[in-house]
Amino acid sequence: MAERTVPRNVTIRDVARVAGVSISTVSRVLDDRHPPSTSPSAERVRAAAAQLGYQRDAFASGLRRQHTGTVGVLVPRLSDTVMAVFFEEVARACARRSGFAMVATTEDDPEAEQAAAETLLRQRVDGLILTTARLEDPFTAELRARQVPHVLALRTDHVSPSATGDDELGGYLATRHLLDLGHRDIALVAGPSYASTAVARQAGYRRAMAEAGIADVEHLVHESTFGMDSGEIVARPLLGGPDRPTAVFAVNDNTAIGVLAAAQAAGLSVPRDLSVVGYNDIPVSARLPVPLTTVRVPFDRIAAHAVELLVQQRTGTLGETLTVAPPTLIPRRSTARPAPSP
């Protein structure tokens, strides 16, 4: 007889699907802190768990009985300076509490995120800080159902406890800066629609434009990822045509650097021909050949809030669902008044 292969990373969601019950029902049935149930749904849950080879994580079933002083942090990639800086701030916040932070990368892929989280949980971390959340995210819903202590940082799903910047205000400040300089034809390199950061920054852009009497901006909004390559790819056709904008707001510094590269390739001078604003104020932003105007995010405060919210969950006193730290506009040489029309 061929040996049955047990699927890797079988989750509580898989068991719920096979048993035809909710995730919360699976969590309750398989939680050894509750008296065993003999109901038909409970029997289906146990049969599905056995069929799939699911084993309940000891971390999830013993949250209030264990403490390792270690926090697991999920980031899309450490090659992204924002994520590297933020992880370092989380590590410092943990160290101030005599704790330790472990990091895992996900490439911003939901399946890789789940696998990385399970790996960290098997290492008996006390909880998770996720910078990878998506709007309407089924994985964060699963973590809530399993009662795994977790905090979303930088991004939010608007349900789980979250520590974020005020991205809507930051998008407004960036766009308002360009409007105050006299720009009206302001393009937005908008980021991905699944990320709350991109959605909120776009909302701030739209609010500022509407206040300036510019309601029709659909032709100015261009979705992208958060990478330099994406910023350059989006900006090439945008800057190469006769109707190019006089200014671009990119929703993070990486995409803004990509826009700067596209501007140079098109023979445009920044800021004489094109003003560019980024977001996050990563260390390189001030050291570019043309220092980048950007919006500074207080990563240290957000990291401290995230660790505090995680501690509150461990002690049973859930704090605010959303903790907001305000951003600051940092004007530099990449923005100026638009050149007079010929």
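Predicted model: local features only at pLDDT ≥ 70, side-chain atom pairs only at ≥ 80, totals over all residues.
How many aromatic pairs does the count come to? The count comes to one aromatic pair.

**The aromatic pair and its surroundings**

The pair is formed by F249 and Y279. Their ring centres lie 6.5 Å apart. Their planes meet at 40 degrees, so the pair is tilted. The two residues come from distant parts of the chain, 30 residues apart. F249 belongs to strand β8, residues 247-250. Y279 sits in the loop between β9 (275-277) and β10 (294-296).

Are these two residues buried or exposed? F249 has 0% relative accessibility, so F249 counts as buried. Y279 has a relative accessible area of 1% and is buried as well.

Y279 has another contact. The charged end of R201 sits over the ring of Y279, 3.7 Å from the ring centre.

**Salt bridges**

Side chains of opposite charge can pair when their charged atoms come close. The whole structure holds 20 salt bridges.

| R77 | E107 | 3.6 Å |

Take R77 and E107 to begin with. R77 lies in the loop between β1 (70-75) and α5 (81-95). E107 lies in the loop between β2 (100-105) and α6 (110-122). The bridge therefore ties together parts that are 30 residues apart in sequence. R77 is partly exposed, with a relative accessible area of 27%. E107 reaches 52% relative accessibility, so E107 counts as exposed; the cut-off is over 50%.

Next come R144 and D157. R144 is in helix α7, residues 138-146. D157 is in the loop between β4 (150-153) and β5 (162-165). The partners are 13 residues apart in sequence, so the bridge ties those two parts together. R144 is partly exposed at 31% relative accessibility. D157 is buried, because its relative accessible area is 8% and the cut-off is under 20%.

Where do R332 and D281 lie in the chain? R332 is in the segment after β12 (328-330). D281 is in the loop between β9 and β10. The two are 51 residues apart. R332 is buried, and D281 is too.

Some salt bridges share partners. Through them E168, R176, D180, R207 and E211 join into one network.

Strand β6 spans residues 186-189, and both of its faces are covered. I186 and L188 are buried on one side. A187 and V189 are buried on the other.

Which strands pair with β6? One is β8, which runs parallel to β6 and is joined to it by four bridges. Here A187 stands opposite V248 in β8.

L188 stands opposite V221 in β7. Between β6 and β7 the chain passes through helix α9, residues 196-211. This β-α-β crossover is right-handed.

Terms used
Residues numbered from 1 in each chain as written. Heavy atoms only, no water. Phe/Tyr/Trp six-rings, centres within 6.5 Å; stacked < 30°, edge-to-face > 60°. Buried < 20%, exposed > 50% of the residue type's maximum accessible area, 1.4 Å probe, protein only. Lys NZ or Arg CZ within 6 Å of the ring centre and 35° of its normal. Salt bridge = Lys/Arg side-chain N within 4 Å of Asp/Glu carboxyl O. Pairing = 2+ DSSP bridges. Right-handed = clockwise from strand over helix to strand, strands pointing away.
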